[in-house]
Amino acid sequence: MRNILITGASSGFGEAIARNLSHTDCRLILTARREDKLVALCKEIEDDTQCPVLPLIFDVRDQAACEEAIRSIPEEFLPIDVLVNNAGLAVELDPIHKGALEDWERMIDTNIKGLLYITRLVAPQMVERKSGHIINLGSTASHEVYMGGGVYCATKHAVLALSKAMRTDFLPYGIKVTMIAPGAAETEFSNVRFHGDQARADKVYEGYDPLVAKDIADIVEFVLNRPAHVCLNEIIVTPTAQFNGVITRNK
Ligand code: NDP
Ligand code: 8X3
């Protein structure tokens with residue numbers, strides 16, 4: 001039975017990944033800031049499946065809170081076999097000369113520093129056991145930049161660099177590292193980016209069929225079910241109507 005920790009499990013990809021994996025032989029540790037949403041999801045999963053679920057409520061930007069949360073994990077959910085670094089966000093679509101420093105800090109602190117804080121706490125146990133799998137949520141924005149997306153794209157370029165760094169640093173220990181790089185997917189992502197302006201968020205997905213969270217959850221399940229000698233290093237997945245972060249049909 002695998003112990004799986006998923007950050008950002010209160011919505012979108014993280015929630016869908018948790019729902020999918022709850023039907024497999026595992027225990028889930030789910031993290032996010034919104035306690036009501038996360039606790040409701042954990043209860044639903046425990047009612048519907050045999051899967052034990054542990055909610056951890058904290059902000060990945062808060063290094064002390066990350067440490068306290070990871071140290072609080074009870075023995076029965078340890079050791080962590082799989083870490084899914086999914087928590088992340090984009091804020092606004094401003095060009096560099098107009099961007100708000102506060103928005104930049106939120107993206108950099110969550111998408112880069114938060115991912116590093118959690119990995120630094122979890123990876124040593126994997127190294128010690130010479131076993132484990134880390135899945136990082138990159139993006140097509142790990143490969144291209146688009147207008148107004150500069151700092152978000154920079155954080156996702158960093159996730160690509162860190163995924164390669166983890167793969168090389170952990171190579172001697174047999175730890176798998178996979179970066180999944182989705183294109184446009186309809187989750188709470190654009191609502192968060194535009195501060196709750198749902199009409200503006202909906203426009204992002206007008207005129208084509210975007211990915212949905214389950215598409216990414218199915219890929220995570222596939223990645224985790226490869227034989228021990230197979231590591232998928234990176235998967236780029238877009239809607240059929242989208243070539244990359246820049247070129248989308250009908251846009
Ligand atoms: P959602 O907004 O639906 O989910 C984001 C999750 O991250 C939520 O559970 C949120 O929980 C959590 N989160 C955000 N900030 C923090 C924080 N500071 N501390 C703890 N948890 C946090 O978006 P998606 O599911 O779409 O995004 C998931 C990941 O996928 C992100 O890394 C995103 O960059 C990436 N991605 C998304 C794409 C898309 O088009 N949707 C495409 C490519 C990549 P809470 O608010 O409760 O803390
Ligand atoms: C999220 C999707 O289109 O903003 O990574 O790059 S996009």
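**Exercises on a predicted model**

The side chains of R19 and E44 meet in a salt bridge, with 2.7 Å from N to O; the term stands for a side-chain nitrogen of Lys or Arg within 4 Å of a carboxyl oxygen of Asp or Glu. The model is a predicted one, in which local features need pLDDT of at least 70, side-chain atom pairs count only at pLDDT 80 or more, and totals for chains, interfaces and linings use all residues. Residues are numbered from 1 along each chain as its sequence is written, chains are lettered from A and ligands numbered from 1 in the order in which they are written, and side-chain values use heavy atoms, with hydrogens and water left out.

**Exercise 1. State which helices the pair R19 and E44 ties together, and describe how α1 and α2 pack.**

Step 1. Helices (H or I, at least four residues) and strands (E, at least two) are DSSP runs, numbered from the N terminus. A search of the whole structure finds 11 salt bridges.

Step 2. The axes of α1 and α2 (residues 35-48) come within 10 Å and cross at roughly 15°; axes are lines fitted to C-alpha atoms, for helices over the stretch in contact, and angles run from 0 to 180 degrees between N-to-C directions.

Step 3. The two helices α1 and α2 are therefore roughly parallel to each other, given that angles under 35 degrees count as roughly parallel, over 145 as roughly antiparallel, 65 to 115 as roughly perpendicular and the rest as oblique.

Step 4. E15, A18 and R19 of α1 meet L41, E44 and I45 of α2 in the contact, where contact means heavy atoms within 4.5 Å. These residues divide into three nonpolar, no polar and three charged; Ala, Val, Leu, Ile, Met, Phe, Trp, Tyr, Cys and Pro count as nonpolar, Asp, Glu, Lys and Arg as charged, and the others, Gly among them, as polar.

**Exercise 2. Describe the packing of α1 on α8.**

Step 1. Helix α1 (residues 12-21) packs with α8 at an angle of about 50°, and their axes are 8 Å apart.

Step 2. Helices α1 and α8 are therefore oblique to each other.

Step 3. On the α1 side the contact includes G12, F13 and A16, and on the α8 side it includes A213, K214 and I216. The residues of this contact between α1 and α8 divide into nine nonpolar, two polar and three charged.
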